[in-house]
Amino acid sequence: VFASLAQAQASVANEVYQELGQPSIFLFCPTEYCSSLCSPSPSRSCYLLTLGQELFPAIRVIWTGPKVVSQELSATLLEEVEGVLRRRPVIWDNLYANDYDCRRVFLGPYTGRAPGLMPKLHGLLLNPNCELQANFIPIHTLGSWFRSELGSCARTDHTGMEIAAAPENSQGPQDGSYSPQEALELALLDWVTEINQQALESGR
């Protein structure tokens, strides 16, 4: 019935999207969801080119970056992905994911993401450690990165989408400068406070 896998996937996704009443958030994860899975590259992938042409414009596409677990995200790569998909990607960030090796737990700050990425994205999802309490630092430092991005963006981006301003009393950088080390130190201070509070509440 279909000339390619991409056409089949786009047809099914479009039909489901319409059947659900065209929801405001509808995410599609492609088979080629990072650069290393594309042949020969994102911008020259027949699969991604077809998706960009066939998927309804309001359907958002998930992307993990250069690899499944990407140490770095650059504006250049995101622009390439936007060009082929005809929409800004939703980043599914596996920086902290450890479901593929539960012997590892990641406790460092959110890092490796170039400044000024927010206008290149339609959204960002963080795939955390499997251990719930180990995610305090990842989520806290992601918040610091997000506030720094807000500080460097105009109140409204180039598509007209409004960006909510960070509260004035929020901790962390708001002037567009993000320091992973400073974000880590803030997270550690708050985590120690949280741990001590929990110990008091439990009577230990």
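Student: Leaving aside its neighbours within four places in sequence, which residues is L55 in contact with?

Tutor: This is a predicted model. In it, L55 is in contact with A10, A13, N14, F28, V61 and R87. Contact here requires heavy atoms within 4.5 Å.

Student: Which residues touch the most other members of the largest nonpolar core?

Tutor: L48, L51, L55 and Y110 do, in a core of 31 residues. Members must be buried and joined through side-chain atoms within 4.5 Å. Two or more residues come from each of α1, α2, β2 (60-63), α3 (75-85) and α4 (136-152). The most come from α3, which gives five.

Student: Why might such side chains gather?

Tutor: In soluble globular proteins, nonpolar side chains tend to be buried together.

Student: What makes α1 and α2 roughly parallel?

Tutor: Their axes cross at roughly 30°. Angles under 35 degrees count as roughly parallel. The two helices are therefore roughly parallel to each other. Helix α1 covers residues 5-19 and helix α2 residues 46-54, and their axes come within 9 Å.

Student: Is that crossing left-handed or right-handed?

Tutor: The crossing of α1 and α2 is right-handed. On α1, the contact is made by L5, A6, Q7, Q9, A10 and N14. On α2, Y47, T50, L51 and E54 take part. These contact residues divide into five nonpolar, four polar and one charged.

Student: How many helices and strands does the protein chain have?

Tutor: The protein chain has five helices and four strands. Along the sequence, the pattern reads α-β-α-β-α-β-β-α-α.

Technical notes
Residues are numbered from 1 along each chain as its sequence is written. This is a predicted model: local features need pLDDT of at least 70, side-chain atom pairs count only at pLDDT 80 or more; totals for chains, interfaces and linings use all residues. Side-chain values use heavy atoms; hydrogens and water are left out. Axes are lines fitted to C-alpha atoms, for helices over the stretch in contact, and angles run from 0 to 180 degrees between N-to-C directions. Angles under 35 degrees count as roughly parallel, over 145 as roughly antiparallel, 65 to 115 as roughly perpendicular and the rest as oblique. A crossing is left-handed if the near helix is turned anticlockwise from the far one by less than a right angle, and right-handed if clockwise. Ala, Val, Leu, Ile, Met, Phe, Trp, Tyr, Cys and Pro count as nonpolar, Asp, Glu, Lys and Arg as charged, and the others, Gly among them, as polar. Buried means under 20% relative accessible area, exposed over 50%, partly exposed in between (1.4 Å probe, protein chains only).
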